[in-house]
Amino acid sequence: MTSLKKLAAAIGLAAACLAASTPASYAGWAKVWVPVEFKYKAGGKSTSVVIDLPVQDEKDAADYCARYLSVGERFLADTVQQDHPELAKARFTGARCVTEGGKIKLVSNPTNRLPKVKLPPPPVGDPAKSTASGPVTYMVDLFYEKVVDGIRPHKVFRMPMRAVSVRAAEEMCGGFQNMLRLSRNVLEKNPYALGLTGSWMASGGKCVTGKNGFIEMTAEKSSGGSN
């Protein structure tokens with residue numbers, strides 16, 4: 001139960017940091033901050049940006065850095081990247097807590113806060129099909145990472161999902177928590193079907209969109225109709 005609570009806190013941290021209108025709105029519950037280095041590569045060169053992230057208590061820092069930072073690192077890395085035009089086409093390669101003298105560095109007065117950026121609107125279905133009734137099949141990329149020491153391997157699986165309607169598919173695609181829950185459910189149901197052996201954890205996902213920006217989906221054919 002303790003692990004689940006910490007995992008939920010890590011996920012909540014990513015959401016809280018991004019949803020906050022000002023750093024003060026989520027700094028109130030944080031006693032310490034951990035400098036986290038987000039690493040990127042572009043044009044054969046590596047670069048990094050350090051952002052101070054809040055943890056509830058000093059004793060939680062080690063667990064957060066070793067096990068739970070990776071849950072929201074992609075979400076946070078995208079936000080950092082949006083605030084740095086020079087990283088627009090860079091590839092995110094990982095995140096790590098900054099250490100000092102072999103120990104995790106902690107600060108009480110953060111100076112490199114997470115930038116406030118405008119989040120992109122959630123993906124939607126084609127308006128021409130949004131009023132259609134009946135089930136639809138839509139495509140989702142699900143993210144997984146292997147729990148190991150050091151840099152964690154990542155895998156992405158593209159899978160078809162079914163929704164009772166276009167609106168239901170849009171609601172599923174529009175929430176980070178929904179995607180995390182979906183990727184976790186697929187992993188728990190049959191990890192071997194994904195070809196994952198060892199200790200893997202779900203880290204979310206996103207709905208696949210086409211060139212027109214709409215969610216890729218197809219309406220299921222109704223049964224019993226005339227040919």
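Arginine 167 counts as exposed, at 55% relative accessibility; the term exposed denotes over 50% relative accessible area, buried under 20%, and partly exposed the range in between, with a 1.4 Å probe and protein chains only. This is a predicted model, in which local features need pLDDT of at least 70 and side-chain atom pairs count only at pLDDT 80 or more, while totals for chains, interfaces and linings use all residues. Residues are numbered from 1 along each chain as its sequence is written, and side-chain values use heavy atoms, with hydrogens and water left out.

Arginine 167 pairs with glutamate 171 in a salt bridge, at 3.6 Å from N to O. By salt bridge I mean a side-chain nitrogen of Lys or Arg within 4 Å of a carboxyl oxygen of Asp or Glu. Both residues belong to helix 4 (residues 166–173), where four residues, about one turn of the helix, separate them. Helices (H or I, at least four residues) and strands (E, at least two) are DSSP runs, numbered from the N terminus. Glutamate 171 is partly exposed, with 49% relative accessibility.

How many salt bridges does the structure hold? There are four.

Another of them joins glutamate 37 to arginine 96, with 2.8 Å between N and O. This pair connects distant parts of the chain, 59 residues apart: glutamate 37 sits in strand 1 (residues 32–42) and arginine 96 in strand 3 (residues 91–97). Glutamate 37 is buried, at 13% relative accessible area, whereas arginine 96 is partly exposed, at 37%.

I close with lysine 59, whose salt bridge to aspartate 60 has its closest N and O atoms 3.6 Å apart. Lysine 59 is exposed, with a relative accessible area of 65%.
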